[in-house]
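User: I would like to learn how to read aromatic ring pairs in a protein model. Please guide me through this one.

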Amino acid sequence: MSVAGPLRVGMVGYAFMGGVHSHAWRSAHRFFDLPLTPELTALAGRNAGAAQAAADKMGWASVETDWRRLIERDDIDLIDICTPGDTHAEIAIAALQAGKHVLCEKPLANSVAEAEQMTQAATAAAANGVMAMCGFTYRRTPALALFKQMVDDGKVGTIRQVRAQYLQDWLSDENGPLTWRMDKEKAGSGALGDIGAHIIDASQFVTGQQITGVSAIMETFVKERPIGGELVGLGGRGAVGADVPKGPVTVDDAALFTARFDGGPIGIFEATRFALGRRNALRLEVNGSLGSIAFDFEDMNTLQYYDGTDEPGAQGFRRILVTEPEHPYIAAWWPPGHGLGYEHGFTHQVVDLVNAIATGVQPTPSFADALKVQRVLAAVETSAGNYSTWEPVPA
Ligand code: SOE
(Lines give C-alpha, C1' and ligand atoms only; values in the text may rest on other atoms or scores of the structure.)
Protein backbone atom coordinates (compact mmCIF):
# COMPACT_ATOMS: atom_id res chain seq x y z
CA MET A 1 0.00 0.00 0.00
CA SER A 2 1.18 3.47 -0.84
CA VAL A 3 2.44 5.80 1.88
CA ALA A 4 2.57 8.79 -0.46
CA GLY A 5 1.19 12.25 0.26
CA PRO A 6 -2.51 12.90 -0.25
CA LEU A 7 -4.50 14.00 -3.28
CA ARG A 8 -7.59 15.54 -1.72
CA VAL A 9 -10.66 15.11 -3.89
CA GLY A 10 -13.93 17.04 -3.97
CA MET A 11 -16.65 15.39 -6.04
CA VAL A 12 -19.73 17.13 -7.46
CA GLY A 13 -22.74 14.82 -7.94
CA TYR A 14 -23.38 11.44 -6.39
CA ALA A 15 -25.69 9.38 -8.61
CA PHE A 16 -24.56 6.46 -10.83
CA MET A 17 -21.31 8.12 -11.95
CA GLY A 18 -20.64 9.49 -8.45
CA GLY A 19 -20.91 5.95 -7.11
CA VAL A 20 -18.49 4.39 -9.54
CA HIS A 21 -16.04 7.31 -9.23
CA SER A 22 -16.17 7.04 -5.42
CA HIS A 23 -15.33 3.35 -5.67
CA ALA A 24 -12.34 4.19 -7.88
CA TRP A 25 -11.02 6.92 -5.57
CA ARG A 26 -11.37 4.56 -2.59
CA SER A 27 -9.70 1.55 -4.14
CA ALA A 28 -7.03 2.65 -6.67
CA HIS A 29 -4.15 2.99 -4.18
CA ARG A 30 -5.04 -0.31 -2.55
CA PHE A 31 -4.12 -2.19 -5.73
CA PHE A 32 -1.65 0.12 -7.50
CA ASP A 33 1.40 1.89 -6.04
CA LEU A 34 0.52 5.53 -6.46
CA PRO A 35 2.71 8.59 -5.92
CA LEU A 36 -0.24 10.34 -4.22
CA THR A 37 -2.95 8.73 -2.13
CA PRO A 38 -6.51 9.86 -3.00
CA GLU A 39 -8.58 11.10 -0.07
CA LEU A 40 -12.35 11.43 -0.37
CA THR A 41 -12.41 14.87 1.24
CA ALA A 42 -15.82 16.32 0.31
CA LEU A 43 -18.88 15.60 -1.76
CA ALA A 44 -21.18 18.35 -3.09
CA GLY A 45 -24.90 18.04 -3.72
CA ARG A 46 -27.76 20.53 -3.46
CA ASN A 47 -29.95 18.41 -1.18
CA ALA A 48 -28.12 18.36 2.17
CA GLY A 49 -29.81 15.22 3.51
CA ALA A 50 -29.39 13.19 0.34
CA ALA A 51 -25.78 14.36 -0.11
CA GLN A 52 -24.94 13.42 3.48
CA ALA A 53 -26.52 9.99 3.03
CA ALA A 54 -24.53 9.49 -0.18
CA ALA A 55 -21.32 10.69 1.49
CA ASP A 56 -21.82 8.26 4.38
CA LYS A 57 -22.49 5.38 2.00
CA MET A 58 -19.68 6.14 -0.43
CA GLY A 59 -17.05 7.14 2.13
CA TRP A 60 -16.73 10.93 1.79
CA ALA A 61 -15.49 12.83 4.85
CA SER A 62 -17.65 15.96 4.50
CA VAL A 63 -20.47 17.50 2.49
CA GLU A 64 -21.09 20.85 0.80
CA THR A 65 -24.42 21.95 -0.69
CA ASP A 66 -22.81 24.31 -3.23
CA TRP A 67 -20.02 23.14 -5.54
CA ARG A 68 -18.45 26.61 -5.30
CA ARG A 69 -17.54 25.82 -1.69
CA LEU A 70 -15.47 22.85 -2.88
CA ILE A 71 -13.49 25.19 -5.08
CA GLU A 72 -13.01 27.73 -2.26
CA ARG A 73 -11.72 25.12 0.16
CA ASP A 74 -7.93 25.00 0.39
CA ASP A 75 -7.97 21.40 1.61
CA ILE A 76 -9.11 20.19 -1.85
CA ASP A 77 -6.69 19.56 -4.73
CA LEU A 78 -8.93 18.05 -7.41
CA ILE A 79 -12.55 18.54 -8.49
CA ASP A 80 -14.31 15.48 -9.91
CA ILE A 81 -17.39 16.50 -11.97
CA CYS A 82 -20.11 13.83 -12.06
CA THR A 83 -23.08 16.07 -12.91
CA PRO A 84 -25.25 16.49 -16.04
CA GLY A 85 -23.55 18.16 -19.01
CA ASP A 86 -25.13 21.60 -18.58
CA THR A 87 -22.98 22.22 -15.48
CA HIS A 88 -19.62 20.91 -16.73
CA ALA A 89 -18.26 24.11 -18.27
CA GLU A 90 -19.00 26.42 -15.35
CA ILE A 91 -17.62 24.05 -12.71
CA ALA A 92 -14.55 22.96 -14.67
CA ILE A 93 -13.51 26.46 -15.68
CA ALA A 94 -13.95 27.81 -12.12
CA ALA A 95 -11.97 24.88 -10.69
CA LEU A 96 -9.11 25.20 -13.17
CA GLN A 97 -8.89 28.95 -12.63
CA ALA A 98 -8.66 28.29 -8.89
CA GLY A 99 -5.72 25.93 -9.49
CA LYS A 100 -7.61 22.66 -8.87
CA HIS A 101 -7.01 19.63 -11.07
CA VAL A 102 -10.19 18.48 -12.83
CA LEU A 103 -11.66 15.14 -13.83
CA CYS A 104 -14.83 15.76 -15.87
CA GLU A 105 -17.41 13.19 -16.95
CA LYS A 106 -18.18 12.77 -20.66
CA PRO A 107 -19.24 14.22 -22.98
CA LEU A 108 -17.05 17.18 -22.06
CA ALA A 109 -19.82 19.74 -22.57
CA ASN A 110 -23.20 20.38 -24.18
CA SER A 111 -21.78 22.41 -27.07
CA VAL A 112 -18.58 22.99 -29.02
CA ALA A 113 -18.44 26.58 -27.72
CA GLU A 114 -18.42 25.38 -24.11
CA ALA A 115 -15.89 22.66 -24.88
CA GLU A 116 -13.62 25.26 -26.50
CA GLN A 117 -13.78 27.49 -23.43
CA MET A 118 -13.02 24.52 -21.19
CA THR A 119 -10.07 23.55 -23.36
CA GLN A 120 -8.71 27.09 -23.20
CA ALA A 121 -8.99 27.03 -19.40
CA ALA A 122 -7.26 23.64 -19.31
CA THR A 123 -4.42 24.85 -21.52
CA ALA A 124 -3.87 27.90 -19.31
CA ALA A 125 -3.97 25.75 -16.16
CA ALA A 126 -1.56 23.18 -17.59
CA ALA A 127 1.11 25.90 -17.80
CA ASN A 128 0.96 25.94 -13.98
CA GLY A 129 1.01 22.15 -13.60
CA VAL A 130 -2.76 21.91 -13.12
CA MET A 131 -4.19 18.92 -15.02
CA ALA A 132 -7.57 18.27 -16.66
CA MET A 133 -8.89 14.99 -18.00
CA CYS A 134 -12.20 13.84 -19.52
CA GLY A 135 -13.75 10.55 -18.36
CA PHE A 136 -13.83 8.36 -21.44
CA THR A 137 -13.17 5.37 -19.20
CA TYR A 138 -13.59 2.58 -21.73
CA ARG A 139 -10.08 3.39 -22.97
CA ARG A 140 -8.97 1.84 -19.69
CA THR A 141 -10.79 -1.45 -20.06
CA PRO A 142 -7.78 -3.79 -20.42
CA ALA A 143 -9.07 -5.43 -23.62
CA LEU A 144 -9.63 -2.06 -25.31
CA ALA A 145 -6.21 -0.86 -24.14
CA LEU A 146 -4.72 -4.05 -25.61
CA PHE A 147 -6.70 -3.41 -28.82
CA LYS A 148 -4.86 -0.10 -29.20
CA GLN A 149 -1.48 -1.67 -28.42
CA MET A 150 -2.04 -4.30 -31.11
CA VAL A 151 -3.06 -1.69 -33.70
CA ASP A 152 0.02 0.38 -32.78
CA ASP A 153 2.17 -2.76 -33.11
CA GLY A 154 0.93 -3.16 -36.70
CA LYS A 155 -1.11 -6.32 -36.09
CA VAL A 156 -3.90 -5.20 -38.44
CA GLY A 157 -1.68 -3.42 -40.97
CA THR A 158 -3.29 -0.51 -42.78
CA ILE A 159 -6.73 0.16 -41.33
CA ARG A 160 -9.49 0.20 -43.92
CA GLN A 161 -12.72 0.00 -41.98
CA VAL A 162 -13.98 0.86 -38.51
CA ARG A 163 -17.26 -0.55 -37.19
CA ALA A 164 -18.49 0.95 -33.92
CA GLN A 165 -21.71 0.38 -32.01
CA TYR A 166 -22.92 1.32 -28.56
CA LEU A 167 -26.16 -0.55 -27.96
CA GLN A 168 -28.30 -0.19 -24.83
CA ASP A 169 -31.99 -0.90 -24.28
CA TRP A 170 -33.01 0.92 -21.12
CA LEU A 171 -35.42 3.29 -22.91
CA SER A 172 -37.26 0.58 -24.86
CA ASP A 173 -40.30 0.77 -22.56
CA GLU A 174 -42.28 3.83 -23.70
CA ASN A 175 -43.62 4.26 -20.17
CA GLY A 176 -40.18 4.57 -18.63
CA PRO A 177 -40.03 7.92 -16.83
CA LEU A 178 -38.73 11.19 -18.21
CA THR A 179 -35.34 12.05 -16.68
CA TRP A 180 -32.66 14.72 -17.24
CA ARG A 181 -31.03 12.40 -19.78
CA MET A 182 -33.98 13.04 -22.10
CA ASP A 183 -33.79 16.82 -21.70
CA LYS A 184 -31.63 18.59 -24.30
CA GLU A 185 -31.05 21.57 -22.01
CA LYS A 186 -29.45 19.36 -19.39
CA ALA A 187 -27.91 16.53 -21.39
CA GLY A 188 -26.98 18.26 -24.66
CA SER A 189 -28.16 15.30 -26.72
CA GLY A 190 -29.45 11.77 -26.13
CA ALA A 191 -27.90 8.48 -27.20
CA LEU A 192 -25.52 10.49 -29.37
CA GLY A 193 -23.69 12.39 -26.63
CA ASP A 194 -24.20 9.89 -23.84
CA ILE A 195 -22.95 6.72 -25.52
CA GLY A 196 -22.11 7.74 -29.11
CA ALA A 197 -19.39 9.94 -27.59
CA HIS A 198 -17.77 6.81 -26.13
CA ILE A 199 -17.48 5.03 -29.49
CA ILE A 200 -16.24 8.17 -31.21
CA ASP A 201 -13.53 8.46 -28.57
CA ALA A 202 -12.76 4.72 -28.62
CA SER A 203 -12.44 4.66 -32.41
CA GLN A 204 -10.14 7.70 -32.48
CA PHE A 205 -8.16 6.19 -29.57
CA VAL A 206 -7.49 2.75 -31.08
CA THR A 207 -6.82 4.01 -34.61
CA GLY A 208 -4.84 7.09 -33.55
CA GLN A 209 -6.81 8.92 -36.27
CA GLN A 210 -9.37 11.71 -36.35
CA ILE A 211 -12.82 11.67 -37.91
CA THR A 212 -12.92 14.28 -40.68
CA GLY A 213 -16.57 14.18 -41.74
CA VAL A 214 -19.90 12.43 -41.18
CA SER A 215 -23.29 11.72 -42.70
CA ALA A 216 -25.95 10.98 -40.09
CA ILE A 217 -29.52 10.12 -39.25
CA MET A 218 -31.09 10.45 -35.79
CA GLU A 219 -34.47 9.44 -34.43
CA THR A 220 -36.59 9.97 -31.33
CA PHE A 221 -38.95 6.98 -31.19
CA VAL A 222 -40.84 7.98 -28.03
CA LYS A 223 -41.56 11.69 -28.13
CA GLU A 224 -43.06 12.11 -24.67
CA ARG A 225 -42.74 10.19 -21.41
CA PRO A 226 -44.43 10.06 -18.00
CA ILE A 227 -43.23 12.60 -15.47
CA GLY A 228 -42.22 11.22 -12.07
CA GLY A 229 -42.31 7.65 -10.89
CA GLU A 230 -39.61 5.63 -9.29
CA LEU A 231 -36.31 5.53 -11.14
CA VAL A 232 -34.88 2.05 -11.38
CA GLY A 233 -31.38 1.77 -12.77
CA LEU A 234 -31.04 4.30 -15.56
CA GLY A 235 -34.81 4.70 -15.78
CA GLY A 236 -35.95 2.06 -18.24
CA ARG A 237 -37.46 -0.25 -15.67
CA GLY A 238 -40.14 0.57 -13.13
CA ALA A 239 -42.29 2.18 -15.81
CA VAL A 240 -44.82 4.57 -14.30
CA GLY A 241 -47.88 3.74 -16.39
CA ALA A 242 -49.84 5.56 -19.05
CA ASP A 243 -52.20 7.54 -16.81
CA VAL A 244 -49.75 10.15 -15.42
CA PRO A 245 -48.89 13.50 -17.06
CA LYS A 246 -46.25 13.34 -19.77
CA GLY A 247 -43.46 15.66 -20.80
CA PRO A 248 -41.54 15.99 -24.08
CA VAL A 249 -38.39 14.05 -24.92
CA THR A 250 -36.12 16.63 -26.54
CA VAL A 251 -33.15 14.42 -27.46
CA ASP A 252 -32.43 11.57 -29.85
CA ASP A 253 -33.11 7.95 -28.94
CA ALA A 254 -30.78 6.65 -31.66
CA ALA A 255 -28.04 8.15 -33.84
CA LEU A 256 -26.41 6.43 -36.83
CA PHE A 257 -23.66 7.81 -39.03
CA THR A 258 -20.99 6.99 -41.54
CA ALA A 259 -17.60 8.67 -41.23
CA ARG A 260 -14.18 9.17 -42.77
CA PHE A 261 -10.91 9.16 -40.81
CA ASP A 262 -7.89 11.30 -41.66
CA GLY A 263 -5.66 8.28 -42.34
CA GLY A 264 -8.00 6.84 -44.97
CA PRO A 265 -10.40 4.41 -43.23
CA ILE A 266 -14.17 4.69 -43.52
CA GLY A 267 -16.35 3.99 -40.50
CA ILE A 268 -19.90 3.16 -39.50
CA PHE A 269 -21.31 4.15 -36.11
CA GLU A 270 -24.52 3.36 -34.24
CA ALA A 271 -25.60 4.60 -30.80
CA THR A 272 -29.00 3.58 -29.46
CA ARG A 273 -30.89 3.08 -26.21
CA PHE A 274 -33.52 0.99 -28.01
CA ALA A 275 -31.60 -2.18 -28.94
CA LEU A 276 -33.82 -4.47 -26.90
CA GLY A 277 -31.73 -7.19 -25.27
CA ARG A 278 -28.44 -5.33 -25.67
CA ARG A 279 -27.72 -4.02 -22.20
CA ASN A 280 -24.32 -2.39 -22.59
CA ALA A 281 -22.80 -3.57 -25.87
CA LEU A 282 -19.99 -1.19 -26.72
CA ARG A 283 -18.57 -2.88 -29.80
CA LEU A 284 -15.61 -1.88 -31.88
CA GLU A 285 -14.12 -3.68 -34.86
CA VAL A 286 -11.24 -2.66 -37.06
CA ASN A 287 -10.42 -4.36 -40.36
CA GLY A 288 -6.99 -3.82 -41.83
CA SER A 289 -4.74 -5.12 -44.59
CA LEU A 290 -3.20 -7.80 -42.32
CA GLY A 291 -5.86 -8.59 -39.77
CA SER A 292 -8.95 -7.62 -37.80
CA ILE A 293 -9.62 -6.96 -34.11
CA ALA A 294 -13.03 -6.88 -32.44
CA PHE A 295 -14.20 -5.96 -28.93
CA ASP A 296 -17.61 -6.20 -27.22
CA PHE A 297 -18.02 -4.79 -23.71
CA GLU A 298 -20.64 -7.44 -22.89
CA ASP A 299 -17.69 -9.85 -23.08
CA MET A 300 -15.25 -7.32 -21.74
CA ASN A 301 -12.42 -9.60 -20.66
CA THR A 302 -11.82 -10.88 -24.18
CA LEU A 303 -10.58 -9.61 -27.51
CA GLN A 304 -11.13 -11.24 -30.91
CA TYR A 305 -8.13 -11.21 -33.22
CA TYR A 306 -7.94 -12.46 -36.81
CA ASP A 307 -4.41 -12.75 -38.16
CA GLY A 308 -4.58 -12.68 -41.96
CA THR A 309 -1.01 -13.98 -42.15
CA ASP A 310 -1.90 -17.31 -40.49
CA GLU A 311 -1.42 -20.26 -42.82
CA PRO A 312 -4.43 -21.20 -45.01
CA GLY A 313 -6.54 -23.83 -43.34
CA ALA A 314 -5.66 -22.60 -39.84
CA GLN A 315 -7.19 -19.15 -40.16
CA GLY A 316 -9.96 -17.88 -37.93
CA PHE A 317 -10.69 -15.39 -35.17
CA ARG A 318 -8.86 -16.26 -31.97
CA ARG A 319 -10.27 -15.31 -28.58
CA ILE A 320 -7.68 -13.66 -26.36
CA LEU A 321 -8.59 -13.82 -22.68
CA VAL A 322 -7.27 -10.46 -21.52
CA THR A 323 -6.46 -11.47 -17.96
CA GLU A 324 -2.71 -12.13 -18.13
CA PRO A 325 -0.17 -10.05 -16.20
CA GLU A 326 1.33 -9.01 -19.56
CA HIS A 327 -1.94 -7.26 -20.45
CA PRO A 328 -2.59 -3.57 -19.62
CA TYR A 329 -3.45 -2.95 -15.93
CA ILE A 330 -3.93 -6.65 -15.14
CA ALA A 331 -0.77 -7.30 -13.10
CA ALA A 332 -2.25 -5.31 -10.19
CA TRP A 333 -5.35 -7.52 -10.02
CA TRP A 334 -6.30 -11.18 -9.90
CA PRO A 335 -4.69 -14.38 -11.22
CA PRO A 336 -5.23 -15.20 -14.94
CA GLY A 337 -8.80 -15.97 -15.93
CA HIS A 338 -10.48 -14.28 -12.96
CA GLY A 339 -11.65 -11.23 -14.89
CA LEU A 340 -12.45 -7.59 -14.25
CA GLY A 341 -15.66 -5.53 -14.41
CA TYR A 342 -17.14 -2.15 -15.40
CA GLU A 343 -15.77 -0.41 -12.32
CA HIS A 344 -12.14 -1.28 -13.05
CA GLY A 345 -11.97 1.14 -16.00
CA PHE A 346 -12.73 3.94 -13.53
CA THR A 347 -10.08 2.68 -11.11
CA HIS A 348 -7.52 2.66 -13.94
CA GLN A 349 -8.64 6.18 -14.84
CA VAL A 350 -7.76 7.31 -11.29
CA VAL A 351 -4.41 5.49 -11.49
CA ASP A 352 -3.44 7.19 -14.74
CA LEU A 353 -4.69 10.60 -13.60
CA VAL A 354 -2.85 10.45 -10.26
CA ASN A 355 0.38 9.42 -11.99
CA ALA A 356 -0.03 12.25 -14.51
CA ILE A 357 -0.58 14.82 -11.76
CA ALA A 358 2.44 13.59 -9.81
CA THR A 359 4.73 13.64 -12.83
CA GLY A 360 3.33 16.80 -14.43
CA VAL A 361 2.56 14.99 -17.69
CA GLN A 362 -0.76 15.85 -19.40
CA PRO A 363 -3.19 12.94 -18.90
CA THR A 364 -5.28 11.60 -21.78
CA PRO A 365 -7.94 12.06 -22.91
CA SER A 366 -7.23 15.75 -22.39
CA PHE A 367 -9.93 18.39 -22.74
CA ALA A 368 -8.46 19.03 -26.22
CA ASP A 369 -9.06 15.35 -27.08
CA ALA A 370 -12.61 15.60 -25.73
CA LEU A 371 -13.18 18.78 -27.79
CA LYS A 372 -12.44 16.71 -30.91
CA VAL A 373 -15.20 14.30 -29.88
CA GLN A 374 -17.52 17.25 -29.24
CA ARG A 375 -16.90 18.50 -32.78
CA VAL A 376 -17.92 15.12 -34.19
CA LEU A 377 -21.10 15.16 -32.06
CA ALA A 378 -21.97 18.61 -33.42
CA ALA A 379 -21.30 17.53 -37.01
CA VAL A 380 -23.56 14.48 -36.57
CA GLU A 381 -26.41 16.70 -35.35
CA THR A 382 -25.91 19.16 -38.19
CA SER A 383 -25.86 16.41 -40.81
CA ALA A 384 -28.92 14.65 -39.36
CA GLY A 385 -30.83 17.94 -39.31
CA ASN A 386 -29.88 18.51 -42.91
CA TYR A 387 -31.11 15.32 -44.60
CA SER A 388 -27.80 13.50 -43.93
CA THR A 389 -25.66 15.81 -46.02
CA TRP A 390 -21.91 15.28 -45.66
CA GLU A 391 -20.73 17.41 -42.75
CA PRO A 392 -16.99 18.07 -42.40
CA VAL A 393 -15.55 17.99 -38.87
CA PRO A 394 -13.25 21.00 -38.32
CA ALA A 395 -9.70 19.92 -37.50
C1 SOE B 1 -25.94 5.58 -19.65
O2 SOE B 1 -26.23 5.36 -20.94
C3 SOE B 1 -24.49 5.26 -19.24
O4 SOE B 1 -24.47 5.32 -17.85
C5 SOE B 1 -23.48 6.28 -19.76
O6 SOE B 1 -23.79 7.58 -19.31
C7 SOE B 1 -22.10 5.88 -19.30
O8 SOE B 1 -21.13 6.77 -19.81
C9 SOE B 1 -21.81 4.44 -19.76
O10 SOE B 1 -20.57 4.03 -19.24
C11 SOE B 1 -22.87 3.50 -19.31
O12 SOE B 1 -24.14 3.97 -19.69
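**Aromatic pairs**

Analyst: A search of the whole structure finds 15 aromatic pairs. Rings of Phe, Tyr and Trp (its six-membered ring) pair if their centres lie within 6.5 Å; planes under 30 degrees apart count as stacked, over 60 as edge-to-face and the rest as tilted. This is a predicted model, in which local features need pLDDT of at least 70, side-chain atom pairs count only at pLDDT 80 or more, and totals for chains, interfaces and linings use all residues. Residues are numbered from 1 along each chain as its sequence is written, and side-chain values use heavy atoms, with hydrogens and water left out.

User: How is the pair of Tyr138 and Tyr342 arranged?

Analyst: A pair of aromatic rings is described by the distance of the centres and the angle of the planes. Tyr138 and Tyr342 are tilted, at 6.3 Å centre to centre with 55° between the planes. Tyr138 lies in the loop between β6 (132-134) and α6 (142-152), and Tyr342 in helix α9 (residues 342-359), so the pair ties together parts 204 residues apart in sequence. Helices (H or I, at least four residues) and strands (E, at least two) are DSSP runs, numbered from the N terminus.

User: Is Tyr138 buried or exposed?

Analyst: Buried means under 20% relative accessible area, exposed over 50%, partly exposed in between (1.4 Å probe, protein chains only). Tyr138 is buried at 5%, whereas Tyr342 is partly exposed at 23%.

User: Which arrangement do Phe261 and Phe269 form?

Analyst: Their rings are stacked, 6.3 Å centre to centre and 25° between the planes. Phe261 is buried at 4% relative accessibility, and Phe269 is buried at 1%.
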